[in-house]
Amino acid sequence: MFNFFHKKPAPEPLFPYTTEVHCHILPGIDDGSPDVEHSLPLLRQLRQWGIEKVIATPHVTEATFENTPQTVGDAYERLCREPEFGEIGIQLCYSAEYRMDDNFLGIFQRNEIMPMPGNHVLIENSFLQPFWNIKELVFELQLKGFSPILAHPERYAYYYDDKKIYQELHNQGCEFQVNLLSLAGYYNRRSREVAEWLASQHMIDYLGSDLHNSNHLLHLSNYLTGKDFAKHMREIHPQNDSL
Ligand SMILES: [Fe+2]
């Protein structure tokens with residue numbers, strides 16, 4: 001006789017890589033996880049989806065989140081000290097998501113950038129306007145031995161009407177990290193369309209969750225188990241595991 005009460009749960013979907021390169025899971029230092037109690041379930045879910053290594057990228061943004069190596073390092077230590085963290089079995093390191101602004105120019109000048117592995121630096125524009133001199137800044141970073149990665153290029157609406165900036169930046173050696181949540185259609189239709197366009201142009205170098213909270217987990221879960229995810233992954237070949 002069938003036992004309906006012991007139905008096997010559906011297997012967890014898996015990310016097509018084991019390194020998460022963009023997320024806000026460090027406790028209490030930006031608009032992501034507010035405390036350790038919220039960070040742990042986010043990490044646990046990433047682990048269940050196949051992530052083995054997480055590069056935490058808290059915001060460093062002028063006036064709102066002026067994080068420093070001290071504030072980021074302290075949040076990292078708080079999380080790592082938690083006994084439950086060790087039980088999850090995930091490797092954690094940190095860098096930042098640097099808003100291109102005067103604060104970042106100061107950090108760069110003072111040689112205080114916290115790079116990702118391989119001297120990569122995750123940079124972002126404001127959503128209201130592009131950084132006025134992004135090509136020059138990318139060049140200056142490269143000159144100092146950094147490899148810039150532009151976070152979620154598909155979310156900058158002011159780039160949509162003249163897409164040649166994407167090609168120019170990418171040709172310049174600035175890599176692109178697209179959000180899974182954009183491909184999932186979570187933000188809006190246009191960012192999804194532009195993410196798919198970037199995929200068609202082979203300009204997606206990394207994928208990231210940009211995970212801030214459990215609501216994001218829910219939307220990621222729906223996306224990972226849907227048919228769009230499988231379709232997108234036939235076209236996108238993220239290099240996350242090179243970091
Ligand atoms: Fe982010």
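Is aspartate 210 buried or exposed, going by its relative accessibility? At 3% relative accessibility, aspartate 210 counts as buried, since the cut-off for buried is under 20% relative accessible area. Keep in mind that this is a predicted model.

**Iron site**
- Four residues hold the iron ion: His22 and His24 through NE2, Glu97 through OE and Asp210 through OD, at 2.0 to 2.3 Å.
- The site is irregular, with angles among the four donor atoms running from 84 to 172°.
- Along the chain, the donors are spaced as H-x1-H-x72-E-x112-D.
- Histidine 22 sits in the loop between strand S1 (19–20) and helix H1 (36–48), while aspartate 210 sits in the loop between strand S9 (206–208) and helix H9 (214–224), so this pair ties together parts that are 188 residues apart in sequence.
- Like aspartate 210 at 3%, histidine 22 counts as buried, with its relative accessibility at 0%.

- The open sheet has six strands with parallel pairing, and their order is S3-S5-S6-S7-S8-S9.
- S3 and S9 are the edge strands, each pairing on one side only.
- Inside that order, S5 (residues 97–99) pairs with S6 (residues 120–124) in the parallel sense, over three bridges.
- Across this pair, arginine 99 stands opposite glutamate 124 in S6.
- Helix H4 (residues 102–109) packs on the sheet and touches S3, S5 and S6; the direction of H4 makes about 115° with that of S5.

**Threonine 61**
- You'll find threonine 61 in the loop between strand S3 (59–60) and helix H2 (69–81).
- Threonine 61 has a relative accessible area of 5%, so it's buried.
- Leaving aside residues up to four places away in sequence, threonine 61 touches Glu66, Arg99, Asp101, Asn103 and Glu124.

**Helix H10**
- Phe229, His232 and Met233 are the buried residues of helix H10 (residues 227–235).
- Looking down the axis of H10, these residues fall within an arc of 100°, so they line one face of the helix.
- Lys227 and Arg234 are exposed on the other side of H10.
- The cover over the buried residues of H10 includes helix H7 (180–183), helix H8 (189–200), S9 and H9.
- Two of these covering elements, S9 and H9, also flank the loop that carries aspartate 210.

Note on methods
Residues numbered from 1 in each chain as written. Predicted model: local features only at pLDDT ≥ 70, side-chain atom pairs only at ≥ 80, totals over all residues. Heavy atoms only, no water. Donors = N, O, S within 2.8 Å, 3.2 Å for Na, K, Ca; no water. Tetrahedral: all angles 85-135°; square planar, octahedral: opposite > 155°, others 65-115°. Helix = DSSP H or I, 4+ residues; strand = E, 2+ residues; numbered from the N terminus. Buried < 20%, exposed > 50% of the residue type's maximum accessible area, 1.4 Å probe, protein only. Contact = heavy atoms within 4.5 Å. Pairing = 2+ DSSP bridges. Axes fitted to C-alpha atoms, helices over the stretch in contact; angles between N-to-C directions. Arc of directions from axis to C-beta.
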